Amino acid sequence: MRPLTLARGDLRLTMRDRSSIFWIFIAPFIWVYFFGFLAGGGDPSATRIGLTVIQQESTEPAERFIEHLRAQNFDIRVVKSGEPMPSGDSVPPRSVTIPAGFADAIANRLKVQLDLHEEERASPEGTLAVRVALHKAIVRLLAGEALGGFDPADDRVGLISSWAGGRKIPTGYYQTIPGNLVMFVLLSTMTYGSALLAIERRNGILRRLAASPLTRTEILAGKLMGRGAVASVQVGVFLLIGLTLFRIDWGRSPGGLAALLLTYILCSAAIGLLSGTLFESPQASAGIGVTLSLIMAGLGGCWWPSEVMPAWLRTASYVFPAAWAVNGLHQLVSWGGSLKDILPHCAVLALMGLAAGAVAVRRLRLD
Amino acid sequence: MRRILVLVLKDLRRRLADPAGFFLNLSIPLAMAGMMALAFGNSGGGEQNAPQLRLVLVDLDESPISGMLAGASQNPRAAGRMAVRRAATREEGLDVLRDEEFAAMLVIPRGFGQALLGSERTELELVKNPSENIMPVVAQQGAEVLALYLSAGARVLGDEGPRLQKLLVDGAGWNDAAGLGSMIATLYDRVDAAGNLLFPPIIEVTEQAETKQDAGGGFNWMSWMFPGMVVMGLLFTSLTQMRDLLRERDAGTLRRQLASPLGAGQVILAKVLSVAAVVAIALVLLLTVGSLAFGLAWGAPAPLIATSALLVLAITGFSAMVFALVRTERQGDAFGGVLTMLMSMVGGAFIPPQILPEWLRGVSCFTVNHWGHEALRALATGGGWAQVGAYLPALAIMGVVFTGLGMTLLGRRHLRGTL
């Protein structure tokens, strides 16, 4: 019971601090909203990508080429020869030019070039989609020329595409909330959690606690639970806001979600505590805490999809708890997994937490 | 002037005597930049840094046609960009997709080869990994192109498909020399006609990106990312250093200086100058790390010095203003930290400002981050006076306004004894 009293005190102290309130409860949602908003909220395959077609000749092949582009869910704006080029932010950031002599070149089997121009604001994924769309339109046009017509209705091979797991497509807020939950829990435990311990040591609070009838393990357990309590409130707010404001479906296994988040909170709290035992000054422990948690979050898949990292780095990232937590959340949220699917994740996180806690117990100086 | 200089030097010596905090402020942008370099390579995107597409292939057909299709992924060009794992069944494929983090699973259905050659419609199936965002979309686009080429191939075969199927699948018809000859001649003509146009396609796409290039003529992704981190790091450094004013107030040293033959304005000026000196040192360090670790060149000395000086002025002025408005260190940390984070978000530290919505880009123009980022990026991409010239007036205006306002407010509070 005595460690619980300590934990309650720590929680009360954190909740009284306005800057903690901002960084723990408000900043994460500004972050989520900003990046979720930029990532867009819908199905990427259903998003119409804008493309301006500068048509320098009005021949049948040129018209057919544009029709093939239109058939691919593109928002096409055609600018004919002599018409002024539209400007402003509503104009698509990419344009392709069908040059004069396009039809003649095809008829005479001569090479012809289409210039694809991208403005700085063009997103890389949109550009990739445009490249593929242009390639498909080119193949369809040329195959049509060679084979006497090649309409989509004549295609012998179709493609059925679906997402495994039968869940919603991970875009927008779906994509950013799990990663941000993992990052901000780590940030709060490793900055406030570790700095608070350093402040208490500096102010002699730990020394006074040492003189009280509390064992060393009880003091540490109390501190651990205090950090865990702050992180639990933060996670609770994340889950609630995710459910109500961003309509996130957290998966089919509330038990699995609770087990994963609980082990992650305890692991982060133990690491935060360890960090607090390593540095004398609160500034140093908070500063190192920010840097380390950003590294762990970035490499753990909280900032960008981990599939874009080299394979060796992706494997190496599993030395950090963030990677296990993000992967576990994907198993539950994206794949609709159960408690059984995330048991290995919970075991690893618990082991990491135990290891960090054990080192923290050895290193903790109360004087 | 000499007195102010003496104060600045003493202050600077004191600030740098314990450089831990100073280096901690710099460690955040450097750690973030280093991590991104590790994840994406110094030059970020580009063909050579494109991530490998990890694909599970399930061939339920096991016909010569599906075998050819599956084998195509083994050619050296494709093998460099794709990692293909074969699975015997759909269930096994799904397990690999989930447990080993593959991007997608391509299923070639039973009877695929027969349908393709027999002029029937058939469908490939692509199952994407829902815990990934980018590579499954790449896999889908690749599969769409593959299906298109297969459809074109089937059209080229036309009515010869069933006969080809008998030869390849059933092994029948090899003794019909005349029939074989006519089929080969027909197919040759069709492939030749299509090949002139399609293999390779006579229509080529050339790309012209407006992305700024580095001095070497190539696109260095770090030249976009690192300047944003530099400005963010300088803001944190400046705020931490300016916080010292409130600490001196609490220790009573500022009050005692009022009794010395120095005006309040002189004391505040010396304090602001010493913060500016630390910010300048931080900037030099960050630019040096940018050059040595990420291969960035910062252009000709004169525009670099002008940009650096105005950036240091604007950032120091910003933090002076923040600490002129707050009463305690904690308020300063919270208020300054929040503002820095928000300004970094809209000012280009994390994402290219060009992809922000128009209204947010308008907001970003009111931040030091925006102008500092743009100016440093112009230098990192080989720009000179002509390129940075557009950004320097804004930095100068911000520097003068923020520093003037900040110093005036700090001076008043100092005289009132509330600083």
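Predicted model: local features only at pLDDT ≥ 70, side-chain atom pairs only at ≥ 80, totals over all residues.
Of the 141 residues in the largest nonpolar core, the ones that touch the most other members are Val182(A), Leu260(A), Ala270(A), Ala322(A) and Ala314(B). Helix 6 of chain A, residues 172-202, gives the most to this core, with 14 residues.

Setting aside neighbours within four places in sequence, Ala270(A) is in contact with Leu224(A), Gly353(A), Ala356(A), Gly357(A) and Ala360(A). There is also a second, separate core, of 65 residues, and it includes Ile49(A), Ala62(A), Leu134(A) and Leu116(B).

Next, the contact between the chains. How many residues does each chain put into the contact? Chain A gives 74 and chain B gives 76. On the side of chain A that touches chain B, helix 2 (18-39), strand 4 (112-118), helix 5 (124-147), strand 5, helix 10 (282-299) and helix 12 (321-334) of chain A each supply at least two residues. Helix 5 of chain A gives the most to that side, with 17 residues. Sorted by class, the side of chain A that touches chain B has 39 nonpolar, 16 polar and 19 charged residues.

I will start with the one that has strand 5 of chain A in it. This is an open sheet of five strands with mixed pairing, in the order 5(A)-4(B)-3(B)-1(B)-2(B). Which strands stand at the edges? They are strand 5 (157-163) of chain A and strand 2 (82-87) of chain B; each has a single partner strand, so one side of each has no neighbour in the sheet. Neighbouring strands are turned by 25 degrees against each other on average, direction ignored.

Across the chain boundary, strand 5 of chain A and strand 4 of chain B pair in the parallel sense over seven bridges. Ser162(A) stands opposite Val127(B), which is in strand 4 of chain B. Leu55(B) has Val84(B), in strand 2 of chain B, as its bridge partner. Helix 5 of chain B, residues 90-99, lies across strand 1, strand 2, strand 3 (104-108) and strand 4 (122-128) of chain B. The helix runs at about 170 degrees to strand 1 of chain B.

The other sheet is also open, with five strands and mixed pairing, and its order is 2(A)-1(A)-3(A)-4(A)-5(B). Strand 2 (74-80) of chain A and strand 5 (203-209) of chain B stand at the edges, each with a single partner strand, so one side of each is left without a neighbour in the sheet. The twist from one strand to the next averages 25 degrees. Leu116(A) stands opposite Glu207(B) in strand 5 of chain B. Helix 3 of chain A, residues 60-70, packs on this sheet and touches strand 1, strand 2 and strand 3 (94-98) of chain A. The direction of helix 3 of chain A makes about 155 degrees with that of strand 2 of chain A.

One residue from this sheet, Leu51(A), lies in strand 1 of chain A, residues 49-55. Is Leu51(A) buried or exposed? Leu51(A) counts as buried because it has 25 C-beta neighbours inside 10 Å, and the cut-off for buried is 20 or more. Beyond four places in sequence, the contacts of Leu51(A) are Leu69(A), Phe74(A), Ile76(A), Pro92(A), Arg94(A), Val96(A) and Val130(A).

For contrast, a residue of chain B. Gly382(B) is in the loop between helix 17 (368-380) and helix 18 (385-388) of chain B. With 18 other C-beta atoms within 10 Å, Gly382(B) is partly exposed. Gly382(B) and Ala143(B) are 239 residues apart in sequence, and their C-alpha atoms are 40 Å apart in space.

Last, chain B overall. Chain B has 19 helices and five strands. Its radius of gyration is 32 Å, well over the 22 Å that the globule rule gives for 419 residues, so chain B is more spread out than a compact globule. The C-alpha atoms of chain B fill a box of roughly 115 × 45 × 35 Å along the principal axes. Buried residues make up 42% of the 419 residues in chain B. Among contacts in chain B between residues at least 6 apart in sequence, 76% join residues at least 24 apart.

Terms used: Residues numbered from 1 in each chain as written. Chains lettered and ligands numbered in written order. Helix = DSSP H or I, 4+ residues; strand = E, 2+ residues; numbered from the N terminus. Rg over C-alpha atoms; globule rule 2.2 N^0.38 Å. Buried ≥ 20, exposed ≤ 12 C-beta atoms within 10 Å, placed from the backbone. Contact = placed C-beta atoms within 7 Å. Pairing = 2+ DSSP bridges. Axes fitted to C-alpha atoms, helices over the stretch in contact; angles between N-to-C directions. Nonpolar A, V, L, I, M, F, W, Y, C, P; charged D, E, K, R; others polar. Core = buried A, V, L, I, M, F, W, Y, C linked by C-beta atoms within 7 Å.
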